[in-house]
Amino acid sequence: MRRPISGATRVAGVAGRPIAHSLSPILHNAWLAAAGIDGVYVALQIAQDGFAAFVEGLRSTSMAGVNVTLPFKEAALAAATEVHPRARRAQAANLLTFGPDGAVRADNTDGLGLLAAFAEQAPGFDPKAGPVAIVGAGGGARGAAAAFLDAGCPEVRVVNRTLDRAQALCADLGGRAFDLREAETAFQDAAAVINATSAGLAGGEALDLPLAATPGACVVMDMVYKPLVTPFLAQARALGRPTVDGLAMLIGQARPSFEAFFGQAPPAGVDVRALALKALNP
Ligand code: NAP
């Protein structure tokens, strides 16, 4: 049974704009209930220019922290007093925790979530096995590149519409930059291809990428999870490629966030994926 909220209830949340669609409250509150923790996780919509003031107002309060989503991941990094190397390398933070001394600690658990998603849905995949092509050069792509390089990936290939941004990412983290028109070259002999663009969101046109150039065993992953099977994943499946979906990544990044807020790992045995799917397809 759900515990009543009391004066001692530990509060965490997710901050973004828009935020009402977020699945994070469903995941965290299901874990809280199953673990019997006196805590609550809420969604907070922040004014476009209000993120710095939001953080300033919350630091030194009893709030545990917040996950941060679009469009505030860079602002979250800027608002922090301490930055984990993972977040520094991604140049974006999806997790802020507040210390009693006023500290604002930034971390990025998206890369951990990505690797957890591969481990779960492509269990035979080894990040050391071959080059990984990442389409996109924003915060998601940076987090992915850092996570794969840290896991021993021999080469990251960054394919982006704006070549400058791909080159900047590769200069910071290592890797080879490709223009979107060179995707076919980047996909040849790739062990995995990851879509880390926001193309296709908000009714825009999905990218038409040359997945047929990938080897038969190439794992294809899309960070976007609405719909769960994106046109990109549908194309990969039609070609017989193994796939990993963005919902597994979302759940994978939520686990270490929960631990940071509530001091323990999420309890086993809660089917949060089923709960999230129900919310995605009511
Ligand atoms: P971001 O920093 O805004 O970067 C967006 C990227 O998409 C840029 O590389 C941009 O290219 C590219 N792009 C946008 N529209 C495009 C178009 N029409 N054609 C070609 N490229 C286009 O976003 P982000 O934070 O990295 O997030 C990227 C995606 O990953 C989003 O859909 C986000 O929701 C998703 N994501 C999911 C999870 C998860 O847990 N599943 C976690 C993190 C992110 P330019 O550089 O040329 O503008």
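Which residue just after H7 takes a positive phi? Gly174 does, with a phi of about 100°. The model is predicted: local features need pLDDT of at least 70, side-chain atom pairs count only at pLDDT 80 or more, and totals for chains, interfaces and linings use all residues. Residues are numbered from 1 along each chain as its sequence is written, and side-chain values use heavy atoms, with hydrogens and water left out. Helices (H or I, at least four residues) and strands (E, at least two) are DSSP runs, numbered from the N terminus.

**Helix H7**

- The buried residues of H7 (residues 163-173) are Ala166, Leu169, Cys170 and Leu173; buried means under 20% relative accessible area, exposed over 50% and partly exposed in between, with a 1.4 Å probe and protein chains only.
- These four residues lie on the same side of H7 because they cover an arc of only 95° around the axis; the arc is that of the directions from the helix axis to the C-beta atoms.
- Asp164 and Ala171 are exposed on the other side of H7.
- The cover over the buried residues of H7 includes helix H4 (85-90), helix H6 (139-150), strand S8 (156-160) and strand S9 (176-179).

**Helix H9**

- In H9 (residues 231-238), the buried residues are Phe232, Leu233 and Ala236.
- Their arc around the axis is only 95°, so they sit on the same side of H9.
- Pro231 and Ala238 are exposed on the other side of H9.
- Strand S10 (192-195), strand S11 (219-222) and strand S12 (243-244) are among the elements that cover the buried residues of H9.

- Two packed helices are described by the angle between their axes and the distance between the axes.
- Axes are lines fitted to C-alpha atoms, for helices over the stretch in contact, and angles run from 0 to 180 degrees between N-to-C directions.
- H1 (residues 24-35) packs with H10 (residues 246-262) at an angle of about 50°, and their axes are 10 Å apart.
- H1 is therefore oblique to H10; angles under 35 degrees count as roughly parallel, over 145 as roughly antiparallel, 65 to 115 as roughly perpendicular and the rest as oblique.
- The crossing of H1 and H10 is right-handed; a crossing is right-handed if the near helix is turned clockwise from the far one by less than a right angle, and left-handed if anticlockwise.
- Contact (heavy atoms within 4.5 Å) between the two involves residues including Leu27 and Trp31 of H1, and Ala254 and Phe258 of H10.
- The residues of the H1 contact with H10 divide into 9 nonpolar, 4 polar and 1 charged; Ala, Val, Leu, Ile, Met, Phe, Trp, Tyr, Cys and Pro count as nonpolar, Asp, Glu, Lys and Arg as charged, and the others, Gly among them, as polar.
- The axes of H5 (residues 110-121) and H10 come within 7 Å and cross at roughly 125°, which means that H5 is oblique to H10.
- The crossing of H5 and H10 is right-handed.

**Two buried residues**

- Thr97, in strand S5 (residues 95-98), is buried, with a relative accessible area of 16%.
- Leaving aside neighbours within four places in sequence, the contacts of Thr97 include Ala64, Val104 and Phe261.
- Cys153 is in the loop between H6 and S8 and counts as buried at 6% relative accessibility.
- Not counting residues up to four places away in sequence, Cys153 touches Pro127, Lys128, Gly130, Val132 and Phe148.
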